[in-house]
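Student: I have a model open and want to go through it with you. Can we start once it is on screen?

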Amino acid sequence: MFVFVFHIQGPLVIHSTKLYPTPDAKSFYVFGRIMSGTINSNQQVRVLGENYSMEDEEDSKMAFVGRLLVSVARYNISVKRISAGNWIMIENIDASISKTSTIVDCDQQVRQIGISQAYIFRPLNFNTCSVIKIAVEPVNPSELPKMLDGLRKVNKSYPLLTTRVEESGEHVVLGTGELYLDCVMHDLRRLYSEIGYFWDVSPRH
């Protein structure tokens, strides 16, 4: 049986698995588990995206940690420092993350402890696929930028969601079911863009 041991004194490694919107819905808290090391508020970290590799380091970005929050039932408790083994929500580092990420020490800290290479956790795989497609467009064409920003945010918020632009120029949202996409459209209209939409639902071919 495999047993994972958390190393509090080791280099910082966090596997983030979900993005939760902030109260104003303008950015996201990065939710993940600290697999190694300790993270502090205002610390500089390196965020490795799902497409990062040692041969292609383009999908990585340096960021400064904002607040650290521990989610306890209905409340988010702010802490200054937290160590390996805990689940944590991190503020201010979501800009370069699409779904999941690996968060490590910044390059200078990594060199100090003698590690020259960083690996990422494998992106999450789900035993399901998108079966329904919704084509969306704003009621007012001048609000297209707001719609695009809203689509980007719902794509970050829902792990099973896919957004794309068809060859016809339509912006489509693909999801796993009617109720799932109903929740997506509710958040898109009420939380992330606050504009009116026309949409057309069809099975995915």
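Tutor: We will go through the sheet, some single residues and the salt bridges.

Student: What ground rules apply here?

Tutor: This is a predicted model: local features need pLDDT of at least 70, side-chain atom pairs count only at pLDDT 80 or more, and totals for chains, interfaces and linings use all residues. Residues are numbered from 1 along each chain as its sequence is written, and side-chain values use heavy atoms, with hydrogens and water left out.

Student: OK. What is the strand order in the open sheet of eight strands?

Tutor: The order is 5-4-10-1-2-9-6-7, and the pairing is antiparallel. Strands (E, at least two residues) and helices (H or I, at least four) are DSSP runs, numbered from the N terminus. Two strands pair if DSSP finds at least two bridges between them.

Student: Which are the edge strands?

Tutor: Strand 5 (60-64) and strand 7 (75-79); each pairs on one side only. Neighbouring strands of this sheet are turned by 35 degrees against each other on average, direction ignored. Axes here are lines fitted to C-alpha atoms, for helices over the stretch in contact, and angles run from 0 to 180 degrees between N-to-C directions.

Student: How many bridges link strand 2 and strand 9?

Tutor: Four, in the antiparallel sense, between residues 28-36 and residues 87-90. V30 has I90 as its bridge partner in strand 9.

Student: And what does helix 2 touch?

Tutor: Helix 2 (residues 144-157) packs on the sheet and touches strand 1 (13-21) and strand 2. Its direction makes about 130 degrees with that of strand 1. Contact means heavy atoms within 4.5 Å.

Student: New topic. Is strand 11 largely enclosed or open?

Tutor: Enclosed: six of the seven residues of strand 11 (residues 132-138) are buried. Five bridges join strand 11 to strand 13, and the two run antiparallel. Seven bridges join strand 11 to strand 14 (residues 197-203), also antiparallel.

Student: Which residues face each other there?

Tutor: I134 has V173 as its bridge partner in strand 13. V136 stands opposite W199 in strand 14.

Student: Is H171 buried or exposed?

Tutor: Buried, at 17% relative accessible area. H171 lies in strand 13 (residues 171-175). Not counting residues up to four places away in sequence, its contacts include I134, V136, L144 and L148.

Student: How many salt bridges does the structure hold?

Tutor: Six. A salt bridge is a side-chain nitrogen of Lys or Arg within 4 Å of a carboxyl oxygen of Asp or Glu. One of them joins E91 and R67 (3.3 Å, N to O). These two are 24 residues apart, E91 in the loop between strand 9 and strand 10 (101-105), R67 in the loop between strand 5 and strand 6 (68-72).

Student: Which of that pair is buried?

Tutor: E91, at 17% relative accessibility. R67 is partly exposed at 40%.

Student: What about helix 2?

Tutor: D149 forms a salt bridge with K153, the closest N and O atoms being 3.2 Å apart. Both lie in helix 2, four residues apart, about one turn of the helix. K153 is buried at 8%, while D149 is partly exposed at 28%.

Technical notes
Buried < 20%, exposed > 50% of the residue type's maximum accessible area, 1.4 Å probe, protein only.
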